[in-house]
Amino acid sequence: MRGMKNDALKNVIVILAAALTACGGGGSSSGGGNVTVPQTPPTSPPTSSACSLSSRQDFAFSVLNEWYLFPETLPGSLATAPYTSVQSYIDALTANARAQGRDRNFTYVTSIREENAYYASGSTAGLGVRLAYQGNRLFVIEAFEGAPALAAGIDRGTEVLAIGTDAANLTPVADIITAQGTSGITSALGPSTVGTSRVLRITDAGGARNVTVAKADYNIAPLSPRYGVRVIDNGGQRVGYINMRTFISTADNQLRTAFADFRAQGITHFVIDFRYNGGGLVSTAELMGDLMAGNRFSSDIFTVTRFRASKSSNNETRRFTPTTQSVSPIKIAFIATGATASASELVMNSFVPYLGVNAALIGSNSFGKPIGQIALDQSACDDRIRVVAFAKENAAGQGDYYSGLAGTMRATCAAADDISRPLGDPLEASLRTALDFVAGRSCTPVVVAQTAQSTSTRSERRVLPVPIDARAAQREVPGLF
């Protein structure tokens, strides 16, 4: 994290992100800040006792015992023998905090190599779509440029009717979900291995058809080249629109360029679309805050970071640092859904003390993750332990939004996520409501009790949960397959 000076943090990566579990709440990570990235792992983990299962579990225990934000919830000791993986052991260690709703699967083990590749360039492998389910139906809510699905004509609004390894064994999505739940969809789509091929029966404006798609490597652009940055004419008022997919380092220059253009045009009203943004690098969240801080003083607090009592020397107050590209917002509409988490919520929450009712949450309540992880590595084994280690607050001390930001934001406007229209389309329901807000028109508030943690109903469309063997990108990009 920017400004951390304690030597204990030199070899950890600070992160703030979340992905969704089957219950609509879950955990994931992202890295960032002025810290030293741990060494690159070996090509393949050694088979020596140093990387035996029990040694890896012991390392996880030591990490949590030293850094976990809720130390009072940890067992004093826990035998490793009953647990067949590092993750199952971590889940047992964090069971009490998870039962309290404070650590919703945010602490986990992941691959150093995969995560470094994702944060550096958005690198991952798969079909390149976000998927969401509604009852026993499956929809594409976003497709990524340069990935196989979009190249095959699959885009936002496409419904997936059936999945198979070939046309002869297509199984209806409704049958899969009825028999196995949403985990059955993950199984049907197969591993995120390059070359894995699936036949999808889809329907969209062009009608129903079969499409064969093979998974491939691609890079996720944090701001889409199709709709990531726009200036929208809102009845004669120019509004700056940013659709921010994820907080990774390749977003930084894109954000600087976008806000420099907004500033040059004198734009003061903004829509920031975080609707599927599961979080990411704290450093990129700080940059985004700075780029919207043209009318903030250098003494104004952006966010306060608090560690457990034994690590309080790492606590930090981070203040706004306006740049030459910074704009001076009069109003900001933040579009959110239950998939909006962590670093996205950090940015939104940080403007509440300054803009008050002129900063609004549009859409539905956010996920609710006011805490972040640090990463500690067992490099020889390619193990990175993402451990919940700090909490975040804004300048007013507001940080207890585990049930989402609808109860913290001074203004909210309920709106649907209309997948019948492209993202960035001014007629799409959430963006239309956001534009109404910045124009001063009234709206219906978001129901605070409508949280991402609530039980799904058949009328809600929700991103698919993170697979058990999730790649790093799937933890950071809700619904990614």
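**Note on the predicted model: helices, cores and selected residues**

1. Ala97 is located in helix H3, where helices (H or I, at least four residues) and strands (E, at least two) are DSSP runs numbered from the N terminus. The model is a predicted one, in which local features need pLDDT of at least 70 and side-chain atom pairs count only at pLDDT 80 or more, while totals for chains, interfaces and linings use all residues. Residues are numbered from 1 along each chain as its sequence is written, and side-chain values use heavy atoms, with hydrogens and water left out.

2. Ala97 has a relative accessible area of 0% and is therefore buried, a class defined as under 20% relative accessible area, with exposed meaning over 50% and partly exposed in between (1.4 Å probe, protein chains only). Not counting residues up to four places away in sequence, Ala97 touches Tyr68, Phe70, Thr73, Arg102 and Asp103, contact being taken as heavy atoms within 4.5 Å. The C-alpha atoms of Ala97 and Phe70 lie 7.1 Å apart, although 27 residues separate the two in sequence.

3. Thr94 sits in the loop between helix H2 (86–93) and helix H3 (95–99), and its relative accessibility of 1% is why Thr94 counts as buried. With neighbours within four places in sequence left aside, Thr94 is in contact with Leu64, Tyr68, Asp103 and Thr107.

4. Helix H1 (residues 53–67) and H2 pack at an angle of about 35°, with their axes 9 Å apart; the axes are lines fitted to C-alpha atoms, for helices over the stretch in contact, and angles run from 0 to 180 degrees between N-to-C directions. Leu53, Arg56, Gln57, Ala60, Phe61 and Leu64 of H1 meet Val86, Tyr89, Ile90 and Leu93 of H2. By class, this contact of H1 with H2 has eight nonpolar, one polar and one charged residues, where Ala, Val, Leu, Ile, Met, Phe, Trp, Tyr, Cys and Pro count as nonpolar, Asp, Glu, Lys and Arg as charged, and the others, Gly among them, as polar.

5. Within H2, the residues Val86, Tyr89, Ile90 and Leu93 are buried. They cover an arc of only 100° around the axis, which puts them on the same side of H2; the arc is that of the directions from the helix axis to the C-beta atoms. The buried residues of H2 pack against H1, H3, strand S2 (108–111) and strand S20 (383–393).

6. In helix H6 (residues 173–180), Val173, Ile176 and Ile177 are buried. Seen down the axis, the buried residues of H6 fall within an arc of 90°, so they line one face of the helix. The exposed residues Thr178 and Ala179 are carried on the face of H6 turned away from its buried side. The partners against which the buried residues of H6 pack are strand S5 (137–143), strand S6 (159–164), strand S7 (171–172) and helix H7 (183–189).

7. The largest nonpolar core has 39 residues, and those with the most contacts inside it are Ile242, Phe259, Ile272, Met292 and Phe334; such a core is a set of buried Ala, Val, Leu, Ile, Met, Phe, Trp, Tyr and Cys residues joined through side-chain atoms within 4.5 Å. The elements that each supply at least two residues of this core include helix H8 (251–264), strand S13 (269–273) and helix H10 (343–355), and the largest share, seven residues, comes from H10. A second, separate core of 28 residues includes Leu64, Phe106, Phe367 and Leu376.

8. Gln378 is found in strand S19 (residues 371–378) and is buried, with a relative accessible area of 15%. Along the chain, Gln378 and Phe59 are 319 residues apart, yet their C-alpha atoms are separated by 7.6 Å. Apart from neighbours within four places in sequence, the contacts of Gln378 are Ala50, Ser55, Arg56, Phe59, Ile112 and Asp383.

9. Two backbone angles deserve a check. Asn105, in the loop between H3 and S2, has a positive phi of about 65° although it is not a glycine, and at 29% relative accessibility Asn105 counts as partly exposed. Asp382, in the loop between S19 and S20, is also not a glycine and has a positive phi near 60°, while its relative accessible area of 10% makes Asp382 buried.
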